[in-house]
Amino acid sequence: MALQSQTATSASLPSGRSRPPLFLVLMASLVAVGMALPLAYLILRALGIGVVDFWEILRRPRTIQVFFNSIGMVLAVTVLSALIAIPLAFLTVRTDLPGRRFWSVTSSLPLAIPTYVGSFALLAFAGPRGSMLQILLEPWGVQRLPSIYGWTGVILATTLFSYPYLLLTVRASLQGMDPAMEEASLSLGYSYSETFWRVTLPQLRPAIAAGALLVSLYSLQDFGTPALMRFNSFTRIIFLQYRASFDRSMAAALSLVLVALVGCILWLEYRARSKAAYYSSGSASQHQPTLIPLGPWKWLALAFCSLVFLSSLVMPLAVLIFWLGRGMMAGQSPIDLVTAMLPSAVNSIYGSGLAALIAVIFALPIAILAVRFPSPLSSLLERLSYIGFGMPGIVVALSLVFFGANYMIGLYQTLPMLLFAYLVLFIPQGVGTLRSSLLQIAPSLEESARSLGRTPWQTLREVTIPLLRPGLISGAMLIFLTAIKELPATLLLSPIGFRTLATEIWQATAENAAFTQAAVASLMMLVVSTLATLIILSQERLTRKRQ
């Protein structure tokens, strides 16, 4: 793997040209400085209160409680996600499970549902009062259900809508694994279960570790679910501290602790991924494995898949449709409901579209430098562009609030400030997508254009960008999908009166329990997200045809 990576890197470097164009270096440097700005200002703000006061904040009982709450939530969500994802991946890849293709698709779809939408659905379905389940049980004398706020709700909701991160990594590893070792184990007389525990599972450990750490990272950074479930995690406490206090030094100190935790998870994820190739790579001549017959166990397997399907996909959609129907029965016109949410939908599409366009434009120079002109400088610029991946939205938003309120008052709570936050948070996705696409384009095509007298800018415009178009569109749609779901940065930085679907959902459920309005906003978001997902899939098919 190291040899292949080195060969690919050397092949991507244009011959006879070791210096990149100056405009690429300037744009990439500008991005790197912008990415480091929120974190640098946050550090200065937190240290400005003094080392003694800083440590005093960290030693408070409330801070310690929030720390252990967050760690406990991460561990519980990760373990439950593994208990769901690993059996699902094995059943849909290695067994004769009836309807394997259907279960493969539906088990991944919850990833498209924002966790705060799923949390709203869970509250509307099983909340203590006025929920769908409580209404159904009311004829039997049930006036109030047990509360799901707190630990129960946050762990259940986060698990149901984040387990696909782990599922996709384990499934990909299973599909790329050479079945020869498993077949050898079976030929030696071991049973299917013994082969799984002795042979298959050890080879899956790096993929399981990488996927589990992705789930951990996502749950630690999530804001919407703890906020709706009233669970005191770092993200919720930082937000409340910001809103309730004039002295926001504690919010800055807690933000640094959260960044440190995220940094530890990213480091563990990197270590796990760096070892994955030694365990999961198959031979070039590997063949399709023989599917394991489930026999009478297929009914239990089907029941397990159906339970996950009903809980993570059918339940949210059913709840949204139920509350929409209930609002219509109460006299609310569906046309009026959609019309009322239309400005927020337009704002979401407009803001996320601009974020996608800007992030792709600024990600392109970094990707080109990393692939076509590898050097210590390009490597440094690429790594700096990933700083935003290590900072949750609430942290980026808080740092920009501090910066805007003190140094750039004219930009405070304006659309450019919100777009800059989106750029910091989501440019790593653009860099990663464009880097992968550039590695599939032969550098000889660009060299030919340069030999015919084209300038670097003309070569970029006439050769590189047209060949890179599928990757550009996919990267832009991926950023669009992520930006339209972003909640804390939008809440803190959006201009006054600039309401989006994400903020409508949060305010309708967290403040006034307006479930019908939240259902309309959630359904509109799912429609837009589905269209963007279809665009991404169409570009992937186009790329495969070209290959």
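Arg 499 is partly exposed, with a relative accessible area of 36%. Its salt-bridge partner is Glu 504. Glu 504 is buried, at 11% relative accessible area. The model shown here is predicted. The protein has 25 helices and zero strands. This briefing starts with the whole protein and then moves to single residues.

**The whole protein**

- The protein has 547 residues, and 51% of them count as buried.
- The accessible surface comes to about 25600 Å². Carbon and sulfur atoms hold 67% of that surface.
- Take the contacts with a sequence separation of 6 or more: 82% of them join residues 24 or more positions apart.

**The salt bridge and a neighbouring helix**

- How many salt bridges does a search of the whole structure find? The search finds one.
- Side chains of opposite charge can pair when their charged atoms come close.
- In the pair of Glu 504 and Arg 499, the closest N and O atoms are 2.9 Å apart.
- Is Glu 504 buried or exposed? Glu 504 counts as buried because its relative accessible area is 11%, and the cut-off for buried is under 20%.
- Arg 499 also has a contact with Asn 347, a residue well away from it in sequence. Asn 347 touches Phe 498 and Thr 500 as well, leaving aside its neighbours within four places in sequence.
- Asn 347 sits in helix H16, which covers residues 334-372. Asn 347 has 18% relative accessibility, so it counts as buried.

**Aromatic rings**

- A search of the whole structure finds ten aromatic pairs.
- One of them joins Phe 239 and Trp 506.
- Phe 239 and Trp 506 are both buried.
- Phe 322 and Trp 323 form another edge-to-face pair, because their planes are at 85° and their ring centres are 5.5 Å apart.
- Phe 322 is partly exposed, at 25% relative accessibility. Trp 323 is buried, at 8%.
- Three residues make up one aromatic cluster: Phe 102, Trp 103 and Phe 309.
- Which residue lies over the face of Tyr 149? Arg 230 does, at 4.1 Å from the ring centre.

- Ser 378 belongs to helix H17, which covers residues 376-385.
- Ser 378 is buried, because its relative accessible area is 4%.
- What does the side chain of Ser 378 reach on Ser 375? The side chain reaches the backbone nitrogen of Ser 375, at 2.8 Å.
- The side chain of Ser 378 also reaches the backbone oxygen of Phe 373, at 3.1 Å.
- Leave aside the neighbours within four places in sequence, and Ser 378 is in contact with Leu 369, Ala 370 and Phe 373.

Methods. Residues are numbered from 1 along each chain as its sequence is written. This is a predicted model: local features need pLDDT of at least 70, side-chain atom pairs count only at pLDDT 80 or more; totals for chains, interfaces and linings use all residues. Side-chain values use heavy atoms; hydrogens and water are left out. Rings of Phe, Tyr and Trp (its six-membered ring) pair if their centres lie within 6.5 Å; planes under 30 degrees apart count as stacked, over 60 as edge-to-face and the rest as tilted. Buried means under 20% relative accessible area, exposed over 50%, partly exposed in between (1.4 Å probe, protein chains only). A charge sits over a ring if NZ of Lys or CZ of Arg is within 6 Å of the ring centre and within 35 degrees of the ring normal. Helices (H or I, at least four residues) and strands (E, at least two) are DSSP runs, numbered from the N terminus. A polar contact is a pair of N or O atoms within 3.5 Å; within protein, one must be able to donate a hydrogen and the other to accept it, and residues adjacent in sequence count only if both atoms are side-chain atoms. Contact means heavy atoms within 4.5 Å. Accessible areas come from the Shrake-Rupley method with a 1.4 Å probe; for residues, only the protein chains shown count as cover. A salt bridge is a side-chain nitrogen of Lys or Arg within 4 Å of a carboxyl oxygen of Asp or Glu.
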